[in-house]
Amino acid sequence: MRTFILGAAVALATAFGALVSPGTAAAADKTFIVVTSDDPQTQAMAMILGHQAVGHGAEVRVLLCGPGGDMALKGAEMPTLKGPDATPQQLLAGLVKKGATAEVCGIYLPNSTHTAEDLIEGVSPVKPPVIGEYMAQPDVRYFTF
């Protein structure tokens, strides 16, 4: 299963690179990344691709749901991964510093023991109607991890 996920992430990275090549990306491009996985490598790859999209001028929005939401919790214990030499949370924080919007699903906090105060700086809860409206926009590229 882990091999499949990693293979899928590599395939997505390749496809994603073609979608946001310097010759085709415009500042108006919108990239929506949804992370539900609890796998640190999958989470990190999603954030790495977000960094790549921002670097090519895309507006990036990250939605963290279920186990993916845990990466936004203060004090979350995560491994430092080889390659980026960072944890998924550090990659998320760096993405937010570059201007990305990062949110946890509207049902994440109410179905946990956490509150908005438990989220790292730059991450906030969002309501489903807001995300539904965003997803419906025709210029939004949608990726799930």
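Student: Is C65 buried or exposed?

Tutor: This is a predicted model, and every value below is computed from it. The relative accessible area of C65 is 13%. Buried means under 20%, so C65 counts as buried.

Student: Which residue is joined to C65 by a disulfide?

Tutor: A disulfide is a covalent bond between the sulfur atoms of two cysteines. The structure holds one disulfide. Its S to S distance is 1.5 Å, and the partner of C65 is C105.

Student: How many residues apart are C65 and C105?

Tutor: The disulfide joins C65 to C105, and this pair links distant parts of the chain. C65 sits in the loop between strand 2 (59-64) and helix 3 (88-97), while C105 sits in the loop between strand 3 (101-104) and strand 4 (123-125). C105 is buried too, with a relative accessible area of 13%.

Student: In what order do the elements of the chain run from the N terminus?

Tutor: The secondary structure comes to four helices and five strands. Read from the N terminus on, the order is α-β-α-β-α-β-β-α-β.

Student: What share of the contacts in the chain between residues at least 6 apart in sequence join residues at least 24 apart?

Tutor: The chain has 145 residues, of which 42% count as buried. It exposes about 7,600 Å², with carbon and sulfur atoms supplying 60% of that area. Among contacts between residues at least 6 apart in sequence, the share joining residues at least 24 apart is 72%.

Student: Are helix 2 and helix 3 roughly parallel or roughly antiparallel to each other?

Tutor: The axes of helix 2 (residues 40-55) and helix 3 come within 9 Å and cross at roughly 20°. Angles under 35 degrees count as roughly parallel. The two helices are therefore roughly parallel.

Student: Is the crossing of helix 2 and helix 3 left-handed or right-handed?

Tutor: On the helix 2 side, the residues making the contact include M47, I48, H51 and V54. On the helix 3 side they include L91, L92 and L95. The crossing itself is left-handed.

Student: What is the distance between the C-alpha atoms of Q52 and L95?

Tutor: Q52 lies in helix 2 and is partly exposed, with a relative accessible area of 44%. Q52 and L95 are 43 residues apart along the chain. Their C-alpha atoms are separated by 9.7 Å.

Student: What is the relative accessible area of I33?

Tutor: I33 lies in strand 1 (residues 30-35). Leaving aside neighbours within four places in sequence, I33 is in contact with A46, G50, V60, R61, V62, L63, F143 and F145. The C-alpha atoms of I33 and G50, 17 residues apart along the chain, are separated by 7.5 Å. I33 is buried, and its relative accessible area is 1%.

Student: What is the phi of D85?

Tutor: D85 is in the loop between strand 2 and helix 3. D85 is exposed, with a relative accessible area of 59%. Most residues other than glycine have a negative phi. D85 is not a glycine, yet its phi is positive, at about 50°.

Terms used: Residues are numbered from 1 along each chain as its sequence is written. This is a predicted model: local features need pLDDT of at least 70, side-chain atom pairs count only at pLDDT 80 or more; totals for chains, interfaces and linings use all residues. Side-chain values use heavy atoms; hydrogens and water are left out. A disulfide is a pair of cysteine sulfur atoms within 2.5 Å. Buried means under 20% relative accessible area, exposed over 50%, partly exposed in between (1.4 Å probe, protein chains only). Contact means heavy atoms within 4.5 Å. Accessible areas come from the Shrake-Rupley method with a 1.4 Å probe; for residues, only the protein chains shown count as cover. Axes are lines fitted to C-alpha atoms, for helices over the stretch in contact, and angles run from 0 to 180 degrees between N-to-C directions. Angles under 35 degrees count as roughly parallel, over 145 as roughly antiparallel, 65 to 115 as roughly perpendicular and the rest as oblique. A crossing is left-handed if the near helix is turned anticlockwise from the far one by less than a right angle, and right-handed if clockwise.
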